[in-house]
Protein chains: 2
Amino acid sequence: MALVVQKYGGTSVGTTDRIMAVAHRLIEAKERGDRVVAVVSAMGDFTDELLSKAHAISAEPPEREMDMLLATGEQVTIALLAMAIHAQGHEAISFTGAQAGIVSDSSHTKARIQEIHADRVNDALEQDRIVIIAGFQALTPEGEITTLGRGGSDTTAVAVAAGLGADVCEIYTDVDGVFTADPRIEPRARKIDTISYEEMLEMAATGARVLQLRSVEFARNHNVVIHVRSSFGQGPGTIVREADETMEQAIISGVTHDTSEAKVTVRDVPDRPGVAAEVFGRLAADNVNVDMIIQNVSEQGMTDISFTTPKEDLVRAKRAVAAVTEALGARSFSVDESVAKVSLVGAGMKTHPGVAALMFRSLADAGVNLDMISTSSIRISCVIGAEQVETAVRTLHEAFGLGEAFVIAETSPSAPGCEKR
Amino acid sequence: MALVVQKYGGTSVGTTDRIMAVAHRLIEAKERGDRVVAVVSAMGDFTDELLSKAHAISAEPPEREMDMLLATGEQVTIALLAMAIHAQGHEAISFTGAQAGIVSDSSHTKARIQEIHADRVNDALEQDRIVIIAGFQALTPEGEITTLGRGGSDTTAVAVAAGLGADVCEIYTDVDGVFTADPRIEPRARKIDTISYEEMLEMAATGARVLQLRSVEFARNHNVVIHVRSSFGQGPGTIVREADETMEQAIISGVTHDTSEAKVTVRDVPDRPGVAAEVFGRLAADNVNVDMIIQNVSEQGMTDISFTTPKEDLVRAKRAVAAVTEALGARSFSVDESVAKVSLVGAGMKTHPGVAALMFRSLADAGVNLDMISTSSIRISCVIGAEQVETAVRTLHEAFGLGEAFVIAETSPSAPGCEKR
């Protein structure tokens, strides 16, 4: 008897009909003999309605009250899903994040899970019930309601799976799994059958939207096997787990891209110790997330510092950089919002030199200019002009043979693509 | 510095504009120097939307999950109201029922408040914040979310006022106060300035909808002064408090009516000890609320038993009565859904004989036939045909001079009426 955690996102529970369908899936799993825990998001439109109410009242609502407001979304879904299971003649019980023992820190709107007290969920499973847990939300030790930020329900699901010692955490989504590239850009992208935590982390961090970065980190830290699969089909999706010798070792797992960041450059900064610390200390203090950082070599005692940051942090970033530019006596700063980041991810990179060279050569041949470069041991990322992102993705997918040995495969309408035999 | 609890119902917070207006009122009270606690209901339409989703999924949803679902309504309002206060430059904090320390028993959909742990609310008041509490909801000691049944937000407000030792509990509604009769039926009905708990209890129990019975009971038991007033005007409403010699002593305070009950009659029941116990024991076991009970004098060892019950309990009542009719060997039972109850309420009744006689005479003269009669020391109720309820209310209002000494008064559009000078 396996213990399975299944997570359904906002699209999968978007209407009462879809909630009935999810109930049916959970019951099927139960009838196969598994113990079943569901983690669900808010119904698609529900959160939008709440947000429009909030914005009718305040341009800048307090984050604590936003959490209070938005946490109702998942609470509606869990109640309706429990009703749907009862209506089909099975026992279910719903729990809010607080009731499920999900404890977070107090960073409202992007809280981090600290602990799971799974007693109540375990008791309900003992009573042979399907357990339904509100994703995305938690309670602080002081009793404040928090939310976990974008994609937080994935993190809830993985955390619950870890807390319960589940056999697998199934993340149901509107695509068939994790692909070698975004199939909307590269039609020959194929579904990846198995991928390691490390590679998935790099892919999530560089633009693969199917799993939230933090949920993968959590899975790696607690060794939770994730199965990403479609909520509309029945086929297998992508397994994310610890790398071992049985895992297919592609040199490159996939190409990702991300157009959600902007590039900021501070020009002619005096090149003395502590300058970078000053710039990025100020950005951190103002809660600006920074992704890539490049500092040019010094010329006549002056240097340029560039970094990328999510566009949603840009207002705060500009304010912080303006202040620091003045404080440091730098010449000026500039912002470029039409940039994109394209990345190659693959564990085989560690042992196969020449990947970077082939990447840069292919992009150059395709006329793509590189603005910034950063690497990890299993990833190479380049910042390029936003208008070249599709060319870059297709070029790299082709150059590294990621679509090879494919046939036209049956797949969901939202993820048209090809599958390796 | 007074401590004021203000309760706003679903109509008063029905739109984001109205929520802004309520925020403004709370800030005004705060600026007068009071410490302010608001208790609010769900936005008017919000609950309806939730109910329609629930009914799309299940004809008979589990009550625990209904509570889980409906409790989100008030949570949305408290968050939006806190945002609205912040947007107007003041400090506010919202609390769910659970966070406000409102503990109930576990009777889902009609739970009763058992305790209030007001520490967190007190702390927030100490920090000079306006405190906003979700009405209608509570938490059991086991951590289950409950709701308090119809009008439960009134009960929350009174319970919070009791728990905090507030100076007054203001219940804001869409009428100007408690009236001597329903102004939609009797245009000469006038607003009552002050009324005792006992009279208000009888009026609430017999159809005056402005305050929920349980909230008045709670207020009496904890000596909380209630002020019922309009959320659209500024004038004084009706004060509900302990009777004392300063209180105006009308013989009759008001006429109420109620068309929400049905009458059930069990015919030719063997007249032996224990029969009534059997009938009403069974009804209680099946969770059927019973209001009036009449047993006729015995004739040839047989008797009839009649009772009234809320129409919403009628399906359960019929099932229970059918079973008990067979078990007792009674002849049959009948149900009459077109009945109404009209009641006279007044503390002066105790010391003024002849009230009942005048009541019965007036109704007889108006051609109103009496079906059942029941009395308390300060109330007389008659069950009549539903089609005669308006005649009966107007007849009694006139006969007992309840509209006397009136002039046309300024009042809210929803409560057209007259006011005593």
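Predicted model: local features only at pLDDT ≥ 70, side-chain atom pairs only at ≥ 80, totals over all residues.
Good morning. Residues are numbered from 1 along each chain as its sequence is written, and chains are lettered from A, with ligands numbered from 1, in the order in which they are written. Local features need pLDDT of at least 70 and side-chain atom pairs count only at pLDDT 80 or more, while totals for chains, interfaces and linings use all residues.

I turn to the interface. Here 28 residues of chain A are in contact with 28 residues of chain B, contact meaning that C-beta atoms, placed from the backbone, lie within 7 Å. On the side of chain A that touches chain B, α1 (16-31), α2 (44-57) and α3 (63-87) of chain A each give two or more residues. The most come from α3(A), with 14 residues. Helices are DSSP runs of H or I, at least four residues, and strands are runs of E, at least two, numbered from the N terminus. Because 100% of the interface residues of chain A are also interface residues in chain B, the copies meet through the same surface.

Finally, the chain itself. Chain A has 11 helices and 22 strands, and its C-alpha trace spans about 75 × 55 × 35 Å along its principal axes. Thank you.

Notes
Contact = placed C-beta atoms within 7 Å.
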